[in-house]
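Subject: Structure to look at, with notes

Hi there,

Here is the structure I promised to pass on. Have a look at it first, and then read on for what turned up.

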Amino acid sequence: MSTFNPPKALLFDVFGTLVDWRHTVSQTLHQQAAYALNSPKSASLPPAVRLFASTISWPDFAQEWRDTYKTFTKANSTPLSPSAQGKNAFKTVDQHHHDSLVRLLADHNLTGLWDADELYSISRIWHYLDAWSDSSLALRDLGRAFVLCTLSNGNVSLLRDLTAHAELPIPNLLSSEHFGAYKPSPLVYNGAAEHLGLRAEQCALVAAHLSDLKAARDCGFQTIYLERVDEEDWSAEEVAQARREGWVDMWIGLDDHRTHELGGLCEVRGRFQMNAGYVPGGGKWESGFGLR
């Protein structure tokens, strides 16, 4: 990412990068379990279900749920063949979240804790995740200088609800659903650039996952790594090697607060501003963004 060849568009991974899924999902599961255990109908729950529901670690359960999503999207990163498309419709993340929740509850001997309507409602908590504290603030400024767009495995209706709830001012919502395959399929990254009418090198992906950035980089994207707590799946050794290799164009660590006390996406904004001679409140940014 150079001062002379800045991106025209910033595309954002969403889960973990812009929103803190772990806190919202864990808290919701805990609250809904407490409600079920203390509601009048709890008397009909089997003793084993009551026991497991009162002793389980809901943050651990939330992580398991998230892990099933990673397995699902990776397994479906290849698009359906034309012959298979009529037989097997593209399965959305919403559908996966519901089905995997049912399976996980069975695995933990918790079947019956919630009825069908409650299960459906809980499975859609991913539509209403809270943003990281730096996300909305930084996006408002970044939108003055760049085309902003999601590039998420979440389906379109999920992204629409999520960006509204979390107050993420991103006008363009692109989902893997548009391209019939999940990241890290090249179809997603290439399709997003084409949809925006840009070349791949004019796009930068912002993500908290190096595997996502590596796939985007292989398609010609510029890359911005936004480290978030407990989001990176690569080992410490793999992360260190990626940093040494230098294929990430802008690297924002957890302790990077050079330009803003909140760090995170505000630090991304700040580094672009430093190179643009940006004056707060001064209108549009000048050309010549880049990494200092």
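This is a predicted model: local features need pLDDT of at least 70, side-chain atom pairs count only at pLDDT 80 or more; totals for chains, interfaces and linings use all residues.

Let's start with the largest pocket, which has a volume of about 470 Å³. Its lining is made up of 17 residues, and those closest to the centre are K70, T73, K183, S211 and D233. Two elements, α3 and α10 (210–218), each give two or more residues to this lining. Of these, α3 gives the most, with six residues. Sorted by class, the lining of the largest pocket holds seven charged, five polar and five nonpolar residues.

The whole structure has 12 aromatic pairs. One of them joins W58 and F61, edge-to-face, with 5.2 Å from centre to centre and 65 degrees between the planes. Both residues sit in α3 (residues 58–75), three residues apart, or about one turn of the helix. Are they buried or exposed? W58 has a relative accessibility of 4%, so it counts as buried, and F61 is buried too, at 0% relative accessible area.

W58 also has a ring partner in W114: their centres are 5.9 Å apart and their planes lie at 40 degrees, so this pair is tilted. Because W58 lies in helix α3 and W114 in the loop between α5 (93–107) and α6 (116–123), the pair ties together parts that are 56 residues apart in sequence. Both W58 and W114 are buried. Elsewhere, ring pairs link F15, W21, W65, Y69 and W126 into a cluster.

Now to the strands. Strand β2 (residues 147–152) is mostly covered, with five of its six residues buried. Strand β1 (residues 9–12) runs parallel to β2 and is joined to it by four bridges; here A9 stands opposite V147 in β2. Strand β3 (residues 172–175) is also parallel to β2, again with four bridges, and T150 stands opposite L173 in β3. Together, β2, helix α8 (residues 156–165) and β3 make a right-handed β-α-β unit.

How values were computed:
Residues are numbered from 1 along each chain as its sequence is written. Side-chain values use heavy atoms; hydrogens and water are left out. Rings of Phe, Tyr and Trp (its six-membered ring) pair if their centres lie within 6.5 Å; planes under 30 degrees apart count as stacked, over 60 as edge-to-face and the rest as tilted. Buried means under 20% relative accessible area, exposed over 50%, partly exposed in between (1.4 Å probe, protein chains only). On a 1 Å grid over the protein atoms alone, a cavity is a set of points where a 1.4 Å probe fits but cannot get out, and a pocket is an open set with protein on both sides within 12 Å along at least five of seven lines; lining residues have an atom within 4 Å of a point. Grid points are joined across faces, edges and corners, and a volume is the space filled by probe spheres set on the points. Ala, Val, Leu, Ile, Met, Phe, Trp, Tyr, Cys and Pro count as nonpolar, Asp, Glu, Lys and Arg as charged, and the others, Gly among them, as polar. Two strands pair if DSSP finds at least two bridges between them. A crossover is right-handed if, with the strands pointing away from the viewer, the path from the first strand over the helix to the second runs clockwise.
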